[in-house]
Every structure is written in C-alpha cells, then in structure tokens.
Amino acid sequence: MRHWWEDAVFYQIYPRSFADSNGDGIGDLAGIRARLGYLEALGIDAIWISPFFKSPMKDFGYDVSDYRDVDPMFGTLGDLKDLLAEARRRRLRVVLDLVANHSSDEHPWFLEARSSTSAAKHGWYLWVPDTGGPPNNWKAIFELGTAWHPNPATGERYLGTFTRHQPEFDWRNLELRGAFYDIMRYWFDLGVDGFRLDVATAYVKDAKLRSNPFSFKANPDFFQRHIYDRNQGEVHGIFKEMRAVADQAGERVLIGETHGQDTALAASCHGRAGDELNMAFNFEFLYRPWGARSFRESAERWYAALPEGAWPNFTLSNHDQPRHFWRYRGRGPTETEARARVAAAMLLTIRGTPFLYYGEEIGMTCRRLPRSALRDPLGLATWPLRALGRDPERTPMQWDGGPNAGFSSASGRPWLPLNPDYVSRNVAEQEADPGSLLSWYKALISLRRSSPALREGAISFFDLHPDVLAYERSADGAKSVIVLLNFAPKRKRIVLEKGAKVLLGSGRAAGVELPPEPIVLGPSEAIVAEVF
Ligand code: NOJ
Ligand code: CA
C-alpha cells in the first residue's frame, strides 16, 4: 500500500521567519495560516513547521519548556487549531517538530530534576558526579565547550551537547518514554499528521560514557566521530515504540533527523522490517559539491543503503545549513539562476519524497550578516567564521517589494534583517512572471503530481556525458519520463537512445521533440521529457 507521504512534496516552514501577522517582527501561526493559499497554489502537499512550542528561545524553539502549548510569541493553541482546520480545508497536511532529545533548562521537569538527586524526575535526565571536570570529551557543539554543565544543587553535572540550556533526557528511563508517547498522542488527537523528530539518533548515549575518537571533519561533526554521545543501537527499540504510537493514530508520518552524513545509519532507522521511522532524513545533498557525478553517486548510495520497502527522500536546504541557491552559486547571476533550475528539477523528479525549505522556490540566498544582527547561538560562538552560523538561512520570507517585504507590517522590525535583494526577488514579482524560478517550481510540482512515473516510478540512471545527470522514471501502465540535467556551464552534445517529447524545459518549450540522434544541451539546461 502506498502512503500519502511517499507521494507528497513537503515544505519546511521556519515559523519565526515566514509571516508576521501582528507586526512584532516575528513570524507566527496566524501568519502561516494567512499564507496557506500561497502554499496550496505552489502545489505542495504537506508542511513541516519547526518548533513553535513554549520556549525561552535560547535555540529559537529547539529548547522547549512546554511540549503541549504554543509560545505566546507564535500565538495560541487556538491559532494552531485554526491553522490545522484551514490546512485541512486546503488538503495540506501538517507535521510538527518533536524535540525529544532534550528540553529547555526552564522546563518544569528539569527544574524539578535539578533540585535534588531524590526528586521524582531526576532520573529523566543524564547526570554524573561533579568531580571538578567533565567525565569525557563530549562537546556542547553550539558553545564549543564541554557538554557537561555543573549543577551545584546536587553536586553533579548534566549533559547538554548543544547548549547548556538544552539538558538531555535519559531515554533508558521508561517513565520519560511514556511522557513523550503521551505528548505524541496529544498532538495526534488534535489532528496533526506526523512529526519530524529532532536529532533522533541522539536519544541514547553510551552507557559507559566513553570519549569520542577524533575526526578530521569539521562540519557537521566538530572534529569528533560521534560513536558514543549519539548513534547507539538501542535507539531502534525506541523508534519501534514511537512507530507503534503513530500507527495506532492512523496514517501518521515519523521523519527522523538521523543526524550527520552517515548514510548507512540513516537508512537503518527505517528498520529492517519497516517497523521504525517512516522516513529518515537523507542529508547527503546538503554537503555535496555541484556536479552530475556527485549527485548521482550520492543518490545511488542512498538507494542501495535503504532496506527493502523503505521509501527515499531528498533535501537540498534546511534551517541548519547555508541555502543551496547560495551554496551552488555560479560565476555570475545567469549561471546561478540556471543552476537553481537544475537543482529544483533534480529534487522534484528524482525517486523519493522531496523536502523544500521556505523561500528556495524564489531563490532566497544567504549573505554575511553584521555581528550585531546575529541571533543564532552557534553563529555567535563561532563568529567571525562564516560557515557555521545559521542566521543567514533564516532571514524573513520575501513576499513582495514593499516595506519589510510583506513579511511584517511597515512599522515592524524583523527579528533578522531582510536580505536587501527582496526588492526584486520576491513572491509577488515571480508570481507575475511565467519565466521565474517560482513558476519553474510550480510547473515541476504540478508535473510530478500528474505523473505516476515521477511520483512512484522506478529510476534508472544512464550515461550520456560526465557532466549530464540523466535518468528515466518508469511505472507500470504510465508513460516513462526522462530527465536530462546539464551541470556544466557549457553546451554538451548528447545522443538519446529513444525519442522523447519535452514536458518541461528550462531552455526549450513543452512539446518540442528530442529525436534519438545527437542534440546539444545548453549551458546548465534542464529538461523533463516523455518517452515516445
Ligand atoms: C537539530 C535542529 O535542526 C537544530 O536547529 C537544533 O539547533 C538542534 N537539533 C538542537 O535541537
Ligand atoms: Ca508576530
């Protein structure tokens, strides 16, 4: 049986930055609701909203102090219910972000836990006796210091591998597990369609607390091989339990952030029997250099690693990595624009569920922000290193060329500065232009919707030229589709084995025939065509 998330195009919303309904400069739930018409017209099927729960915002919502309520900054529970109802009317699914590896240090559970070693919830978190130093080399990666933070009240240290404000749970504790499964049921009962699970492979840590070995990789591993502070086999038992909770609620999806670049580890999170996470994020494309071979190799590796029956997924951008429009910029604006079309065509026609990140459909980019504008704890800790701060990929959505880009009211002060390119790069401009990147995304998404081959078909890559990524998608009883993506800024001569007719092309019109004889692809040209 096919599941809805296998056919869906997902769209990630970073709620602070999407749409501000009350002019305080911070995006909110009512703002998202007001923009659902835009998302429906874009053609996506599901939104994943990064955390909007009560939070002191030390990591902008990835530090939750109440898992069952909305932070006033984002609105109320009533606003969420309205958003869910409106999404349902528009046939859009809604996935929330469950941050279950750690809470905020202001969560009442932690306040109780840290008060005394005999407190009822003490055992919900991870502690070591404070002997004046940390027990191992685990790092708080957003502070660049030790992950073991002193708690004078009990003479212990607690674990926080992000910031000290994100104390980590002991998932070996069965009461804690039960508390999270209840939280999941609570949101399912409200009609939520699933969860994205924050750092899901970090839930369980080495029982002996051994130090991680050294790694040469800075990003995203911070020079350690994380074999002890995350990635323990025991986590699979938890995934099975979570899956049982989700399945009991009906067709709900669990999408794990299974951290880092370990393809085999991510693939294993689906479970050998298909009884763990419905999808584990495949982050490979976030770190891949531009190139036909580079992406083909990555995709083939992912397909080969997935257990039988598991469904693939792909992501080019998210709220933790520089936007791909910027990562894959060419030598000039023309090449950059053309590459964005190639990337979108790949993401939306390759076999697997695509995840879009808000603004990628209009080519939002990253730029260096002055130190005074930085908000991300990682960005502040690593300033002036450019690569690591996450504010540049979180700037407000660019709706129009008016004041504050239509993100906030004219008098509002957006929490992060807008990218000044909003004056010409925005939704309103691109909606009016059939040749825009936004129109390209819409056309690709709609093509994908109408084509069983693109949605669910098998994929076979073929060799035409080292710089051209070429594959065929085919499904029983449906016309096959071929995709030709020239990753080079130069013309490339190729010879097709079968004739085809263009469905969508960045350089040629729909309906144009591609005969089974030599043709020349333009620089960075993308073609989706139907096989005769
Ligand atoms: C992964 C999230 O994507 C990131 O934004 C967050 O800072 C960490 N997990 C900690 O929750
Ligand atoms: Ca607001």
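The legends below describe close-up views of a predicted model.

In this predicted model, local features need pLDDT of at least 70 and side-chain atom pairs count only at pLDDT 80 or more, whereas totals for chains, interfaces and linings use all residues. Residues are numbered from 1 along each chain as its sequence is written, chains are lettered from A and ligands numbered from 1 in the order in which they are written, and side-chain values use heavy atoms, with hydrogens and water left out.

**View 1. The calcium ion (ligand 2) and its donors.** The calcium ion (ligand 2) is coordinated at 2.3 to 2.4 Å by D20 (OD), N22 (OD1), D24 (OD), I26 (O) and D28 (OD), where donors are N, O and S atoms within 2.8 Å of the metal (3.2 Å for Na, K and Ca), and the site may look incomplete because water is not among the atoms. Along the sequence, the donor residues of this ion follow the spacing D-x1-N-x1-D-x1-I-x1-D. Both D20 and I26 are buried (under 20% relative accessible area, with exposed meaning over 50% and partly exposed in between, for a 1.4 Å probe and protein chains only).

**View 2. The largest cavity and its lining.** The model has six cavities of 30 Å³ or more, a cavity being a set of points, on a 1 Å grid over the protein atoms alone, where a 1.4 Å probe fits but cannot get out, while a pocket is an open set with protein on both sides within 12 Å along at least five of seven lines, and lining residues have an atom within 4 Å of a point. The largest cavity has a volume of about 400 Å³, a volume being the space filled by probe spheres set on the points, with grid points joined across faces, edges and corners. Its lining consists of 29 residues, of which F142, H259, D320, Q321 and R390 lie nearest the centre. These lining residues divide into 13 nonpolar, nine polar and seven charged, with Ala, Val, Leu, Ile, Met, Phe, Trp, Tyr, Cys and Pro counted as nonpolar, Asp, Glu, Lys and Arg as charged, and the others, Gly among them, as polar.

**View 3. The largest pocket and N231.** The largest pocket holds about 330 Å³ of space and is lined by 14 residues, of which D221, R225, H226, N231 and D262 lie nearest its centre. By class, this lining has two nonpolar, seven polar and five charged residues. N231 sits in the loop between β11 (194-197) and α7 (helices are DSSP runs of H or I with at least four residues, strands are runs of E with at least two, and both are numbered from the N terminus). Although N231 is not a glycine, its phi is positive, at about 60 degrees, and the residue is partly exposed, with a relative accessible area of 27%.

**View 4. The second largest pocket.** About 240 Å³ of space lies in the second largest pocket, which is lined by 19 residues, with H3, R243, G274, N278 and G309 nearest its centre. The elements that give two or more residues to this lining are α1 (4-7) and α7 (235-248).

**View 5. Backbone details at P384 and S524.** The peptide bond from W383 to P384 is cis, with omega near 5 degrees, and P384 is placed in the loop between α13 (377-382) and α14 (427-431). S524, in the loop between β22 (518-521) and β23 (526-531), has a positive phi of about 50 degrees although it is not a glycine, and S524 is buried, with a relative accessible area of 4%.
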